[in-house]
Amino acid sequence: MQLLMMWLHSMMSSSGILSIDLPAIQSNWHYVASTLAVNTECAAVVKANAYGVGATQVVGALYQRGCRNFFVVTLDEALDLRKILPSDASLFVLGGLKEGSESLFIDFDLTPVLYSLRAISRWLDFCDTQNVSIPCALKLDTGMTRLGMSLDDLDHFFKEIVHRRSLNPVLFMSHLACADERAHPLNNLQLTRFKNAASKIKAYFPNIKLSLANSSGVFLGSEYHFDMVRIGAALYGINPQRDQVNPLSSTIYLKLPVLQIRELGVPVSVGYGAVGQAGAGSRLAVVAGGYADGIHRTLGLEPIGQIEGVEVSAIGRVSMDSCVFDISSSPNAFPNYIDVINSNLTLDSLIAKNKSLGYEVLTSLGSRYKREYLPIGPNHD
Ligand SMILES: *Cc1c(COP(=O)(O)O)cnc(C)c1O
């Protein structure tokens, strides 16, 4: 019944269909987890609605597969996920602590990632007023120059803050800037800085866990793994190391519905600016999906697609809600859909063709697309 409804829905849809292979996301998580030492945890970063894919579904699937540590950025993201996550899962909030939200972190069992001396002090002041010592994470900047205590801040932290009674840091972390470029010298420099700082903090908190690597960082080698890695992009199958064969599975498929077929008797121009030129006898398909759906970011300025495996190219400028493909080469004269992401047109191939970033492609997948989730099976572990 559910499948029938899904099928009917797809038949009637006038927006793109984004299919998300939850079992493949689970197996990507499991693949990365299986490359780690037994005691190293594989946390999932599911900020920005799991990179646009759907945080509720992704988190449910990963929890079922065994993931127990999740990272989001905003408090709102965390509150949404806390509702569905059992209490044995930890939820870390990377965006830190806004003044006034301290009690929500405590009430909903969220762990703030504290990255400035001010925020650390404020958190400890609040804990003092409540007479509690709640777990927090501390973030060091080792070379990314984004959120994080500077090395000078860390000196100050050891002089002024580390002795405070309400301080209960469970995780000490930093973030790599160039992990997708194996040979970049900053990787090793960040690793050294992190190790130095970690050994100091371990002197005060011997059980604190350490975490440095994102998806690409995992593939730099085991010395980058520490106690926890934090993977986002790898879950969706984006190649973690540019120059290597991708060991991960594809997870995302996108097809755009054909709204109108045009058979041309005479040559015409296509779309805004009349920059596209179609010859007499061409067959055009107008499909739903335009720059309001992130097509520019996802597919580039000159989208290509496939109809039953036959490649077709867009013609003319992409509009807000639609774009036009020349489907003259397609044996099927009346296709219902044009595939634009499939097992041949992969995220990796789009990234390479458009010189874009996998992260941008994922997070620009439009909100109008119907998201369909391939169901997860029972866990056999
Ligand atoms: C987004 C983010 C990650 C995940 O990065 P990926 O490259 O997607 O694996 C890890 N850590 C922090 C601090 C992040 O902001």
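How far from an oxygen atom of the ligand does a polar side-chain atom of tyrosine 359 lie? The distance for tyrosine 359 is 2.5 Å.

## Basis of the model

This is a predicted model, in which local features need pLDDT of at least 70 and side-chain atom pairs count only at pLDDT 80 or more, while totals for chains, interfaces and linings use all residues. Residues are numbered from 1 along each chain as its sequence is written, and side-chain values use heavy atoms, with hydrogens and water left out.

## Contacts with the ligand

Tyrosine 51 also places a polar side-chain atom 2.5 Å from an oxygen atom of the ligand. In arginine 230, a side-chain N or O atom is 3.0 Å from a nitrogen atom of the ligand. The ligand taken alone exposes 390 Å², of which the protein buries 95% (areas by the Shrake-Rupley method with a 1.4 Å probe).

## The shell around the ligand

There are 15 residues around the ligand (those with a heavy atom within 4 Å of it). Lys47, Tyr51, Ser215, Ala233 and Tyr359 come nearest. By class, the shell has 7 nonpolar, 4 polar and 4 charged residues.

## An enclosed cavity

The structure holds 1 cavity of 30 Å³ or more. A cavity is a set of points, on a 1 Å grid over the protein atoms alone, where a 1.4 Å probe fits but cannot get out. The volume of the largest cavity is about 30 Å³, and its lining (residues with an atom within 4 Å of a point) includes Lys139, Asp141, Arg146 and His175. This lining comprises 3 nonpolar, 3 polar and 3 charged residues.

Terms used
A polar contact is a pair of N or O atoms within 3.5 Å; within protein, one must be able to donate a hydrogen and the other to accept it, and residues adjacent in sequence count only if both atoms are side-chain atoms. Ala, Val, Leu, Ile, Met, Phe, Trp, Tyr, Cys and Pro count as nonpolar, Asp, Glu, Lys and Arg as charged, and the others, Gly among them, as polar. On a 1 Å grid over the protein atoms alone, a cavity is a set of points where a 1.4 Å probe fits but cannot get out, and a pocket is an open set with protein on both sides within 12 Å along at least five of seven lines; lining residues have an atom within 4 Å of a point. Grid points are joined across faces, edges and corners, and a volume is the space filled by probe spheres set on the points.
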